[in-house]
Amino acid sequence: MRISRLTRVSRVSRVSRAIAASATLAAVASMSLAQAPADSSNPLLKPSTLPLQYPAFDKIADTHFGPALDAGMAEQLAEVEAIANNPAAATFDNTIVALERSGRTLSRASTVLFSLLGADTNPARQKLQAEYATKLAAHSDAISLNAKLFARLQALHAQRDKLGLDTESVRLIERYQRNFVRAGAQLDEAQKTRIKAINAEMATLSTRFNQNVLAEVNDSALVVDKAEQLDGLTPDQIAGAAAAAKARKLEGKYVIALLNTTGQPYLNQLNDRALRERLYKASVARGSRGNNFDNTTIVARVATLRAERAALLGYATHADYVLQVETAKTPQAVNDLLGKLAPAAVASAKREAAELQAIIDKEQAAKKQPSFKLEAWDWSLYSEKLRAEKYGFDESQLKPYLELKNVLENGVFYAAGQLYGLKFKQRSDLPVYHPSVTVYDVYNADGSQLAIFIADMYSRPSKRGGAWMNAYVQQNKLNGTLPVVANHLNIPPPAAGQPTLLTWDEVTTLFHEFGHALHGMFSNVMFPSFAGTSVPRDFVEYPSQVNEMWAAWPSVLANYAKHHKTGEPMPKALLEKMAAAKKFNQGFATTEYLAASLLDQRWHQLKAVDVPTADQVMAFEAKALKDAGVDFSPVPPRYRTPYFSHIMGGYSAGYYAYIWSEVLDANTVAWFHANGGLKRENGDKFRATLLSRGGAEDAMVLFGKLVGHAPKIEPLLEKRGLVTAK
Ligand SMILES: [Zn+2]
């Protein structure tokens with residue numbers, strides 16, 4: 001429902017993204033073995049023999065990655081050279097299909113490495129990441145900037161409509177040609193050399209940025225001396241904080257771990273205002289404290305390099321470059337949408353703030369203490385009180401009915417069963433990279449296997465923040481592969497022996513990420529480049545947001561929202577109150593999200609000469625928020641620049657995508673409602689028309705085919721309650 005969600009879908013590794021090739025595949029391990037300096041027992045050098053080529057996590061050692069990446073790059077370069085130097089004239093098969101088949105070893109090794117870097121990193125993996133970031137960037141450039149190869153693509157592109165190909169194949173030619181041009185294939189040699197240098201430097205910087213973000217999250221965890229200061233937390237949570245302290249060798253103390261967002265979970269429970277302030281300030285200081293993990297220098301440098309690269313490639317700014325291939329197309333379109341939403345969002349947030357201030361004043365008066373002005377570290381606590389006052393419930397009343405396994409199997413999976421006829425069966429015979437990870441076989445209604453689904457739900461210090469989906473194996477008919485997809489969340493692990501009880505936000509995140517998983521699992525395309533979630537970034541959040549609608553769908557909710565001890569259903573009155581509270585706090589949620597989105601755009605709509613120096617990064621941020629009219633201090637941006645990982649990775653100039661997708665989402669929710677809601681017929685149409693098509697057709701054409709009209713903004717405004725009644 002809210003884009004405030006810090007979720008994202010992982011894109012394929014940079015290498016395969018840049019060259020739009022690389023699939024995992026069965027045959028042809030012999031080629032890589034011949035070139036591999038490594039020993040043949042390296043499991044990454046050949047396709048896994050486990051079902052659906054599920055990675056052999058128990059056999060893969062960190063020492064295998066380096067040799068496999070080296071062998072994989074060598075293999076792909078040899079493949080690409082053979083394609084580029086083929087004396088025969090370019091054909092679809094000898095050029096495009098051959099590229100699609102290339103780089104299997106590299107794809108296999110980099111997919112596992114980069115997935116584990118997100119889900120379960122360690123010093124060895126981080127060292128590999130730092131070491132290979134530049135090498136992989138150079139590898140990608142070596143392919144994209146290969147003049148002979150580009151000449152073949154140009155030749156095919158010129159005659160693409162006369163080759164007697166189907167539409168997916170023609171689209172694939174266009175995709176390759178476009179990607180090569182965007183990578184710099186048409187530049188002169190001096191410019192190509194500069195592009196390569198920029199990409200290499202940026203690869204190093206973005207690795208360092210993300211490693212700093214993780215280090216800062218861990219380094220900024222709050223150490224609390226006395227249990228009394230934690231007043232407001234539950235005994236389990238206090239026990240969890242004591243255990244976290246013990247794990248850090250701070251026995252007798254308490255540690256509050258941070259998430260990577262500006263807001264922190266316990267801010268809605270801690271009664272000690274001074275501690276809330278400490279927690280909040282520790283959170284927002286991350287990345288600009290002047291310590292070893294300070295990211296301001298990196299931010300300024302990356303913004304400069306991106307602007308320079310965009311100019312070399314003929315674009316006004318990095319945002320122009322990025323948005324050209326999104327459904328938004330231009331910065332103007334993004335600015336228009338964000339600009340339209342911001343005033344309504346901030347006005348709503350200010351109304352909410354006034355209500356919170358009234359509660360503070362009343363409480364303080366009752367305690368005969370002076371009142372204080374609402375600050376950012378007060379918002380969550382008092383909005384929980386307001387929620388309780390207005391709707392008669394708070395999060396703690398919901399949680400006993402939201403046990404993780406039950407929500408997943410009887411909620412998320414159940415909805416997928418009702419809509420698509422899917423069946424799920426847990427299996428424990430496949431190796432996992434962490435003991436808390438569970439694995440499911442996924443079957444179609446006719447009993448055929450659709451995919452393998454990996455559920456990785458718990459937070460740990462080795463896991464990056466947020467929630468995301470990734471594919472270990474992508475579907476494509478060319479190589480005959482079926483998907484292996486994973487969902488990763490950051491649910492705090494319960495104290496030993498206790499059940500995992502979720503917040504409503506976590507339940508929604510579970511449904512959201514599973515929407516990405518469905519997009520990956522339903523993929524039914526010919527070519528690896530178009531598999532699953534290989535769609536524009538501002539479209540990729542759309543299916544996942546649609547899937548959130550089933551979390552609160554009455555028959556789904558009735559099936560999973562049961563008390564973890566007694567099995568009793570969630571009381572109807574509580575359900576009704578929850579439904580009534582849907583638009584609660586949306587001014588806050590929309591404003592914090594828009595502030596981050598606007599920051600992202602400001603950074604990337606700059607020319608190189610206008611990028612601030614490192615010491616001016618935070619001042620630039622403050623001014624950008626002010627200029628955009630979202631500088632309302634009780635509602636800070638969801639991410640501040642130095643820990644805004646999205647914009648350092650694949651979401652640069654793309655964080656707006658969540659609300660852009662939500663426009664499509666709200667239109668589609670309306671379509672489901674108009675057609676009878678949770679029904680096989682509707683699910684099957686969604687699957688056949690859109691979810692199974694991946695990137696094989698134009699995204700907005702697919703949307704039009706499903707919904708029957710162009711997207712309208714009204715359903716979104718209505719959903720968030722951002723339109724004041726006239
Ligand atoms: Zn997402």
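Student: Which residues touch the most other members in the largest nonpolar core?
Tutor: Phe453, Phe511, Phe514, Met521 and Tyr560 do, in a core of 149 residues. A nonpolar core here is a set of buried Ala, Val, Leu, Ile, Met, Phe, Trp, Tyr and Cys residues joined through side-chain atoms within 4.5 Å. Buried means under 20% relative accessible area, exposed means over 50%, and partly exposed is in between, with a 1.4 Å probe and protein chains only.

Student: Which helix gives the largest share of this core?
Tutor: Helix H14 (residues 331-366), with 12 residues. Helices are DSSP runs of H or I with at least four residues, strands are E runs of at least two, and both are numbered from the N terminus. Apart from that core lies another one of 31 residues, with Tyr54, Ile60, Ala119 and Ile452 among them.

Student: What does Phe514 touch?
Tutor: Leaving out residues up to four places away in sequence, Phe514 touches Val412, Phe413, Ala416, Phe424, Phe453, Asn487, Met521 and Asn547. Contact means heavy atoms within 4.5 Å.

Student: Before I go on, what are the ground rules here?
Tutor: This is a predicted model, with local features needing pLDDT of at least 70 and side-chain atom pairs counting only at pLDDT 80 or more, while totals for chains, interfaces and linings use all residues. Residues are numbered from 1 along each chain as its sequence is written, and side-chain values use heavy atoms, with hydrogens and water left out.

Student: What pLDDT does the protein chain average?
Tutor: It averages 92, and 94% of the residues score at least 70; pLDDT is the predictor's confidence in each residue, from 0 to 100. Over residues 1-38, though, the pLDDT is below 50, and that stretch has 155 contacts in the model beyond near neighbours in sequence.

Student: New topic: which residues are the protein donors of the zinc ion?
Tutor: His512 (NE2), His516 (NE2) and Glu541 (OE), lying 2.0 to 2.1 Å from the zinc ion. Donors are N, O and S atoms within 2.8 Å of the metal (3.2 Å for Na, K and Ca), and water is not among the atoms, so sites may look incomplete. Along the chain the spacing is H-x3-H-x24-E.

Student: Where do His512 and Glu541 sit?
Tutor: His512 is in helix H18 (residues 504-521) and Glu541 is in helix H19 (residues 537-548), 29 residues apart, so to speak a link between distant parts of the chain. His512 and Glu541 are both buried.

Student: OK, strand S8: how many of its residues are buried?
Tutor: Eight of eight, over residues 484-491. Val484, Ala486, His488 and Asn490 are buried on one side, and Val485, Asn487, Leu489 and Ile491 on the other.

Student: Last one: which residues of helix H23 are buried?
Tutor: Val617, Phe620, Glu621, Ala624 and Leu625, in a helix running over residues 617-627. Seen down the axis of H23, its buried residues fall within an arc of 130° (taken from the directions from the helix axis to the C-beta atoms), so they line one face. They pack against helix H12 (296-312) and helix H22 (586-604), while Lys623 and Lys626 on the other side are exposed.
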